[in-house]
Amino acid sequence: MKKNINIDKCIFCEIISKKNRNNVIFENDYVIVLLDIFPASDGHLLIIPKYCAPNILELPENYLIAVAKAQKIMAGLIMTKFSPKGLNFLNNFNSIAGQAINHYHLHLIPKYEKNFGLITTLKSNPSSTSKLKNIYEKLTE
């Protein structure tokens, strides 16, 4: 298993290295799951791979698979223990998208009420047929 930990500059790497182990819910060789200390709602968890990559594009596939498996296990745990009406899964990619810690991680945020917890508001206008066609062509060329 390849390790890439930076305990001098990354708070998540510091947690992984056992210097600070508060609120750990689950752990295996590839991921650690802990309570978010700034929760959007009760039961808000972070799934953090034990590989310091800034984003999903740089995360090795075996760690990404482990994140997905932990996501399924933790979603089941949250639904069983807290009975929320739903869950939000959130990953912010780069600071413009809200990423505050430069270590890939996934938020699991229980949703109890429509206007409480993570609130998503998409501000957009319908695309024209020609614009959609151009985007489609760019993505499939």
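Is cysteine 10 buried or exposed? In this predicted model, cysteine 10 counts as buried because its relative accessibility is 8%.

**Cysteines**

The structure contains zero disulfides. A disulfide is a covalent bond between the sulfur atoms of two cysteines. For cysteine 10, the closest cysteine sulfur belongs to cysteine 13, at 3.7 Å, which is too far for a bond. Cysteine 52 is likewise in no disulfide, with the sulfur of cysteine 13 as its nearest cysteine sulfur, 3.5 Å away. The cut-off for a disulfide is a sulfur pair within 2.5 Å. Cysteine 52 is buried, with a relative accessible area of 15%.

**Aromatic pairs**

The count of aromatic pairs is two. They are listed below.

| Pair | Geometry | Centre to centre | Angle between planes |
|---|---|---|---|
| Tyrosine 30 and tyrosine 63 | edge-to-face | 5.1 Å | 75° |
| Tyrosine 51 and tyrosine 63 | tilted | 5.3 Å | 45° |

Tyrosine 30 sits in the loop between β1 (24-27) and β2, while tyrosine 63 belongs to helix α2 (residues 61-82), so their pair ties together parts that are 33 residues apart in sequence. Tyrosine 51, in the loop between β3 and α2, is 12 residues from tyrosine 63, and this pair too links distant parts of the chain. The ring pairs join Tyr30, Tyr51 and Tyr63 into a cluster. Tyrosine 30 counts as partly exposed, at 27% relative accessibility.

**Two buried loop residues**

Serine 41 is located in the loop between β2 (31-35) and β3 (45-49) and, at 5% relative accessibility, counts as buried. A polar atom of the serine 41 side chain lies 2.6 Å from the backbone oxygen of proline 110. Pro110 is also among the residues that serine 41 touches beyond four places in sequence, together with Ile109, Tyr112, Phe116 and Gly117.

Tyrosine 104 occupies the loop between β4 (86-90) and β5 (106-111). Tyrosine 104 is buried, with a relative accessible area of 5%. Its contacts beyond four places in sequence include Ile48, Pro49, Ala53, Pro54, Ile56, Leu59, Leu64, Val67 and Asn91. The C-alpha atoms of tyrosine 104 and serine 41 are separated by 21 Å, and the two residues are 63 apart along the chain.

**Helix α3**

Why does the span of helix α3 agree with expectation? At 1.5 Å a residue, the 12 residues of α3 (residues 129-140) should span 16 Å, and the end C-alpha atoms are 16 Å apart. Helix α3 is hardly covered, since its count of buried residues is zero.

Conventions
Residues are numbered from 1 along each chain as its sequence is written. This is a predicted model: local features need pLDDT of at least 70, side-chain atom pairs count only at pLDDT 80 or more; totals for chains, interfaces and linings use all residues. Side-chain values use heavy atoms; hydrogens and water are left out. Helices (H or I, at least four residues) and strands (E, at least two) are DSSP runs, numbered from the N terminus. Buried means under 20% relative accessible area, exposed over 50%, partly exposed in between (1.4 Å probe, protein chains only). A polar contact is a pair of N or O atoms within 3.5 Å; within protein, one must be able to donate a hydrogen and the other to accept it, and residues adjacent in sequence count only if both atoms are side-chain atoms. Contact means heavy atoms within 4.5 Å. The expected span of a helix is 1.5 Å times one less than its number of residues. Rings of Phe, Tyr and Trp (its six-membered ring) pair if their centres lie within 6.5 Å; planes under 30 degrees apart count as stacked, over 60 as edge-to-face and the rest as tilted.
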